Amino acid sequence: MFHFKAKNIFIICAVLILAQFCISCKSQKEAVGPEDKIYVIADSSVYKKLKGSLEYAFEKTIFTPQPEKTFELILKDFKQLDEVKNFKNILLIAELNTNQKTADLISTILNEEEKEKASKGKQIYFIKQNLWLQNQLVMILTQPNLDSLEQNIYRNSEGLLKHFNKESGKRIFAALTSSNYERNDVEEKLYNDYKWKIFIPRNFDLALNIPSEKFVWLRSNAGEDFAKWIFVHWIDNASPELITPDSIIGIRNKLTEKYFRSTNKKAFVLINKNFRRTNEVNFNGSYALASQGLWEMSDKSKGGPFINYTIYDVKTKRIFMLDGSIYAPKYNKKELIQQLDVILQSFQTNLK
């Protein structure tokens, strides 16, 4: 018979507790639900007051070419909180220090420092990741009064939306990069040739690789009515002053007229100038212009959405144009564009 000392028993118990804790962490459930839905818990009167500002912030229209919303807000009653806790994207909204149940819930979630910032109007939103489940984003919107909250939602709309876009992008990228879903061979070849890297899904092929033109085209075709493609183009010894909305149109149209033509070579891809928006962004630490809009064939026979990042890379003194397009007339395209966006944002250069 073996006799354990008290010290040994303590160590064994500690190890067992730690192991159980680690297993519990790994087995925590994942949040569920669609990426493009944000579930809202708020008093009906609060939601009615803020509805316009919330839709302005989170339900921005994109044209694909059909108008689609970036996210759809879905109001839920506080009684449905247990159901809402299962979802990926959640908004909790209330005035501070009221007798509303949502306000009480928010008070239990925020720490004292956060409550003080909210009460003084220094901060209108608070991010809680994985609050109830893994891969979940909970955003809390709160202020001492609704008028102030409404004004600040309008004022901070881009930042509010960015949090949900970023978290959704991380989840989509994790799904895309799951096992057996990556063209490591093509990624390695492009890195060895050009010293830049981009994630390439398994169903994409290297359609064109023209070093003299500094042009790479990656394409995925699933049939006559469905296609996705990405191209990377770069300009050496460039100046950031070359990056303007008009220059992006000119460079892109020149490339697509040359490489993206119909079977009979008579028609080619162009940007539809009526559906395009461009704004400045920080692309992984580099200055860039992000453009989103519609492309069309010059004979108007086909069209679809595109997304474009034109970047100035200080270290290499290059301008990079990263572009993704969709042709899918029978499908909703917002999620497909989001997938391409995530792929484009995986781009890295000047790697060691």
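The model is predicted.

**Helix packing**

Two packed helices are described by the angle between their axes and the distance between the axes.

Helix 2 (residues 44-58) packs on helix 6 (residues 146-155). The axes lie 8 Å apart, at an angle of about 10°. Angles under 35 degrees count as roughly parallel, so helix 2 and helix 6 are roughly parallel to each other. Helix 2 makes the contact with Val46, Lys49, Leu50, Gly52, Ser53, Leu54, Tyr56 and Ala57. Helix 6 brings Leu146, Asp147, Leu149, Glu150, Ile153 and Tyr154. By class, this contact of helix 2 with helix 6 has 9 nonpolar, 2 polar and 3 charged residues.

Helix 7 (residues 157-176) and helix 10 (residues 334-344) cross at roughly 80°, and their axes come within 9 Å. Helix 7 is therefore roughly perpendicular to helix 10. Ser168, Gly169, Ile172, Phe173 and Leu176 of helix 7 meet Gln338, Gln339, Val342 and Ile343 of helix 10. The contact of helix 7 with helix 10 has 5 nonpolar and 4 polar residues, with no charged ones.

**Rings and charges**

The count comes to 21 aromatic pairs. Ring pairs link one cluster: Phe215, Trp217, Trp229, Phe231, Tyr259, Phe260, Trp295 and Tyr327.

Charged side-chain ends also sit over rings, as tabulated here.

| Charged residue | Ring | Distance from ring centre |
|---|---|---|
| Arg252 | Phe306 | 4.3 Å |
| Lys302 | Tyr327 | 5.1 Å |

Technical notes: Residues are numbered from 1 along each chain as its sequence is written. This is a predicted model: local features need pLDDT of at least 70, side-chain atom pairs count only at pLDDT 80 or more; totals for chains, interfaces and linings use all residues. Side-chain values use heavy atoms; hydrogens and water are left out. Axes are lines fitted to C-alpha atoms, for helices over the stretch in contact, and angles run from 0 to 180 degrees between N-to-C directions. Helices (H or I, at least four residues) and strands (E, at least two) are DSSP runs, numbered from the N terminus. Angles under 35 degrees count as roughly parallel, over 145 as roughly antiparallel, 65 to 115 as roughly perpendicular and the rest as oblique. Contact means heavy atoms within 4.5 Å. Ala, Val, Leu, Ile, Met, Phe, Trp, Tyr, Cys and Pro count as nonpolar, Asp, Glu, Lys and Arg as charged, and the others, Gly among them, as polar. Rings of Phe, Tyr and Trp (its six-membered ring) pair if their centres lie within 6.5 Å; planes under 30 degrees apart count as stacked, over 60 as edge-to-face and the rest as tilted. A charge sits over a ring if NZ of Lys or CZ of Arg is within 6 Å of the ring centre and within 35 degrees of the ring normal.
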